[in-house]
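Me: I'm new to this one and would like to learn how to read it. Can you walk me through it?

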Amino acid sequence: MEQKLSSVAKMLTCSPIQQLSYLAQTCNAINLAEGFPDFPAPSYLKDAAISAIRSDFNQYRHVQQICDYVAYQLKQMHGLHVDPLTDVVICCGQSEAFAAAMFAVINQGDEVILFDPSYETYETCIRLAGGVPVYVALDPPHWSLDPKKLAKSFTGRTKAIVLNSPHNPTGKVFTRDELEIIAETCCTWDILAVTDEVYEHITFDEERHISIATFPGMQKRTIITSSLSKSFSVTGWRIGWAIGPACFASAIRNIHVKITDSAPAPFQEAALTALRSSPEYFDALRQDYKSKRDYLAQVLTKIGFQVSVMPKGSFFLFMELPPTCTLSDVDFVEALIKQAGVVAVPGCVFFHPDPDSSTKEEDLSPTAISCHTRYIRFAFCKSEETLAAASQKLTELMDGSRGLELF
C-alpha cells in the first residue's frame with residue numbers, strides 16, 4: 001500500500017531529534033537532546049490552566065485578549081504598531097504558525113532561503129507548501145553571515161527568507177549589521193521574511209533580540225512567528241501566534257481554522273496570565289539559563305569539547321568535537337548513549353548539503369565541509385539535578401578507559 005502515499009509523504013522521515021528522545025526514555029538515559037525543559041512550569045501558570053479547565057473553558061475558543069497582549073508586547077519591545085484585530089493570529093504553537101505562513105505565501109516552485117545549519121521543521125513546511133529550500137551556509141566558528149553568499153542565493157524565483165534569531169542550533173543572535181544586510185536584500189528583491197522568534201526572551205551577555213520587522217521597509221513584508229513554549233516552559237501547551245500585515249494574517253487565520261480550528265482553549269486562557277508576566281520574570285529567566293549555559297559549557301570543555309564562541313541566545317550549546325576525536329558526530333552520539341547514558345544530537349541533523357542548495361560543495365571551504373560532522377548539540381534547558389547527573393556521567397566516562405576511545 002506504500003504506493004498510495006503522496007510523493008511528499010514518501011519524502012518525510014521520522015524526526016531524528018524525537019527519535020533520540022524516545023531512545024533516552026527507553027534506555028533511561030539523560031536527555032540533553034530535545035529542547036524541552038524537564039523542570040516544572042511556573043506554578044501560577046499551572047494554576048491558571050487548572051482554573052480555566054474547572055471554569056469549563058474546554059470548547060473551541062478564540063481568546064482575543066492574547067492578540068491584544070501580543071500586540072502590546074511588540075510595541076513595548078520593538079516599537080512596532082500592529083492591529084490586534086487584524087494582524088495577529090493565534091495558532092497551535094509556533095510550528096503551526098510557521099507552517100500556515102508557508103502555506104499562505106508559497107506557490108509551487110517558489111524558492112525560500114534558509115541559513116544553514118537550520119532547524120529541521122522549516123524545510124519540511126516549505127516542501128509541503130510546494131516550495132524549494134535554498135540554503136546559505138553560515139561561516140563557522142562564529143556562524144557569521146557572508147553577504148556575498150546571501151546575494152548569490154537570490155533568483156527570480158525567490159519568494160521568502162526564513163530567519164531564526166536567536167538561532168537553533170548554534171545559539172547565534174544575528175547582529176544589527178547582519179539584519180540590516182538581510183533587510184536591504186529583502187527590499188531590493190521584494191521578498192518576504194518569515195521569522196521564528198521563540199527564543200526572543202532568552203538572550204545572554206547583554207544581547208537583546210532585534211526583530212527584522214523593525215528595519216526600514218520590513219514591517220510590511222515580515223511575518224513573525226513565536227509562542228509561549230520556550231519563554232514559559234510549556235512546550236506541550238501549543239499556544240503560538242503569527243504577526244503580519246492583515247492580508248497575510250487573514251490567510252494564516254483561514255488555514256489555521258481549516259486545519260485545527262482553534263488552539264487549546266484552557267491554555268489560551270492561561271496564556272493571558274503568562275503574557276501579563278512582569279519584566280522581572282524575563283530577567284530571572286535569562287539569568288537562570290545563563291547559569292545553566294555556563295555550567296554545562298564548563299563541564300563539556302573540561303572533557304575535551306571546544307567552544308569557539310558561547311551562545312548568545314536560545315538554550316543550546318553547539319559544541320565542536322576535539323581534533324583528537326576521530327569519530328563522526330553520529331558515531332560519537334551513539335557511543336555517548338551506550339557508554340555514558342547521555343543523549344545529545346549530532347550536528348549533521350541541522351546541515352543540509354542537498355541538490356537544491358545554492359551553496360555547492362565545491363564552493364565550501366574545507367572547514368565548512370568538515371564541520372557538518374564535527375558538532376554536537378546539547379540542550380541545557382534542564383533542571384540543576386539533571387545537569388549535575390549528566391556532568392557526573394560524562395566525567396566518570398572520561399576518567400575511565402572508555403573515555404580514551406571517544407577522544
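Predicted model: local features only at pLDDT ≥ 70, side-chain atom pairs only at ≥ 80, totals over all residues.

Me: In what sense do strand 6 and strand 7 pair, parallel or antiparallel?

Reply: The general idea is that strands of a sheet pair through backbone hydrogen bonds, and that can be parallel or antiparallel. Here strand 6 (residues 192-196) pairs with strand 7 in the parallel sense, over 4 bridges. For example, T195 has I224 in strand 7 as its bridge partner.

Me: How many residues of strand 7 are buried?

Reply: Buried means under 20% relative accessible area. For strand 7 (residues 222-227) the count is 6 of 6, so the strand is largely enclosed by the rest of the structure. T222, I224 and S226 point one way, while I223, T225 and S227 point the other way, and all are buried.

Me: What is the strand order in the open sheet of 3 strands?

Reply: The order is 9-12-11, with antiparallel pairing. Strand 9 (316-320) and strand 11 (345-346) are the edge strands, as each pairs on one side only. Strand 11 and strand 12 (residues 375-379) share 2 bridges in the antiparallel sense, and V345 has R377 in strand 12 as its bridge partner.

Me: Which helices lie across those strands?

Reply: Helix 12 (residues 279-302) lies across strand 9 and strand 12, at about 20° to strand 9. Helix 13 (residues 329-340) lies across strand 11 and strand 12, at about 45° to strand 12.

Me: Now two helices: at what angle do helix 3 and helix 11 cross?

Reply: Two packed helices are described by the angle between their axes and the distance between the axes. For helix 3 (residues 43-54) and helix 11 (residues 265-275), the axes cross at roughly 145° and come within 8 Å. The crossing is right-handed. Residues that meet include Y44, L45 and A48 from helix 3, and P266, F267 and E269 from helix 11. By type, the residues of this contact split into 10 nonpolar, 1 polar and 1 charged.

Me: Why is helix 11 described as largely enclosed?

Reply: Because 9 of its 11 residues are buried. Among the buried ones are A265, Q268 and L272. Their cover includes helix 3, helix 4 (64-78), strand 2 (88-91), helix 9 (229-232) and strand 8 (240-243).

Conventions
Residues numbered from 1 in each chain as written. Heavy atoms only, no water. Axes fitted to C-alpha atoms, helices over the stretch in contact; angles between N-to-C directions. Left-handed = near helix turned anticlockwise from the far one by under 90°. Contact = heavy atoms within 4.5 Å. Nonpolar A, V, L, I, M, F, W, Y, C, P; charged D, E, K, R; others polar. Buried < 20%, exposed > 50% of the residue type's maximum accessible area, 1.4 Å probe, protein only. Pairing = 2+ DSSP bridges.
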